[in-house]
Amino acid sequence: MISKPTIVQAQTGDKRLKDICLKLDALVDALNARSIPPALSEEIQGKIDSINSLPGASQTSKELSKVYKEVLSLVEKELQWVPKHHHRNMWMALGMSAFG
């Protein structure tokens, strides 16, 4: 079971920080709903613990976003699970860059 990150409530006035916190919470809930290998669970928990160990003032949306992307890439590599519309968005970006 992966625990959720603890974010200082004083900083949640920032909309960007609040949005990334909700996304990270939703990702943790989705991973907890499925059975994942213990080794992967421990690695994800380590990344979330690194967020929790930061002082409240330095928990920026950029750092939370970085951890969110790292967890998503871990899940994609290890379990071949991707978020909804992942491939559509990936190919759309490629098409826009190639064809304008």
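Trainee: Which residues does S41 touch, not counting residues up to four places away in sequence?
Mentor: S41 touches M1, I2 and I36, where contact means heavy atoms within 4.5 Å. Keep in mind that this is a predicted model, in which local features need pLDDT of at least 70 and side-chain atom pairs count only at pLDDT 80 or more, while totals for chains, interfaces and linings use all residues. Residues are numbered from 1 along each chain as its sequence is written, and side-chain values use heavy atoms, with hydrogens and water left out.

Trainee: Okay, and where is the place of S41?
Mentor: S41 sits in helix α2. Helices here are DSSP runs of H or I with at least four residues, strands are runs of E with at least two, and both are numbered from the N terminus.

Trainee: Is S41 buried or exposed?
Mentor: S41 is buried, because its relative accessible area is 12%. The cut-offs are under 20% for buried, over 50% for exposed and partly exposed in between, with a 1.4 Å probe and protein chains only.

Trainee: I was also looking at Q45. What is Q45 in contact with, leaving aside its neighbours within four places in sequence?
Mentor: Q45 is in contact with M1, I2 and S3. Q45 is found in helix α2, and it counts as buried because its relative accessibility is 17%.

Trainee: Let's zoom out. How many helices and strands does the protein chain have?
Mentor: The protein chain has 4 helices and 0 strands, so to speak an α-α-α-α pattern when you read along the sequence.

Trainee: And how many of the 100 residues count as buried?
Mentor: Of the 100 residues, 27% count as buried. The accessible surface of the chain comes to about 6800 Å², and 59% of that belongs to carbon and sulfur atoms. Those areas come from the Shrake-Rupley method with a 1.4 Å probe, and for residues only the protein chains shown count as cover.

Trainee: What about contacts between residues at least 6 apart in sequence?
Mentor: Among those contacts, 76% join residues at least 24 apart.

Trainee: Where is L64 found?
Mentor: L64 is found in helix α3, and it is buried, with a relative accessible area of 2%.

Trainee: On to the core. How many residues has the largest nonpolar core?
Mentor: The largest nonpolar core has 20 residues, and those with the most contacts inside it are I2, L31, I44, L64, V71 and V75. The elements giving two or more residues to this core are α1 (15–33), α2 (38–52) and α3 (61–79). A nonpolar core means buried Ala, Val, Leu, Ile, Met, Phe, Trp, Tyr and Cys residues joined through side-chain atoms within 4.5 Å.

Trainee: Why would those side chains gather like that?
Mentor: In soluble globular proteins, nonpolar side chains tend to be buried together.

Trainee: Now the surface. Which residues make the nonpolar surface patch of about 350 Å²?
Mentor: M90, W91 and L94 make that patch. Patch residues have over 30% relative accessible area and no salt bridge, with like charges joined within 9 Å and nonpolar side chains (Val, Leu, Ile, Met, Phe, Trp, Tyr) within 5 Å. M90 lies in helix α4 (residues 86–99) and counts as partly exposed because its relative accessibility is 43%.

Trainee: Switching to charges, how many salt bridges does a search of the whole structure find?
Mentor: The search finds 3 salt bridges, each meaning a side-chain nitrogen of Lys or Arg within 4 Å of a carboxyl oxygen of Asp or Glu. In one of them, K4 pairs with D29, with the closest N and O atoms 3.2 Å apart. K4 lies in the segment before α1 and D29 in helix α1, so the pair ties together parts that are 25 residues apart in sequence.

Trainee: What do K15 and D19 form?
Mentor: D19 and K15 form a salt bridge too, with the closest N and O atoms 3.1 Å apart. The two are separated by about one helical turn, because they are 4 residues apart in helix α1. D19 is partly exposed at 35% relative accessible area, whereas K15 counts as exposed at 59%.

Trainee: And which side chain does E70 meet?
Mentor: The side chain of E70 meets that of K47 in a salt bridge (3.4 Å, N to O). E70 lies in helix α3 and K47 in helix α2, so this pair ties together parts that are 23 residues apart in sequence. E70 counts as partly exposed at 26% relative accessibility, and K47 counts as partly exposed at 22%.
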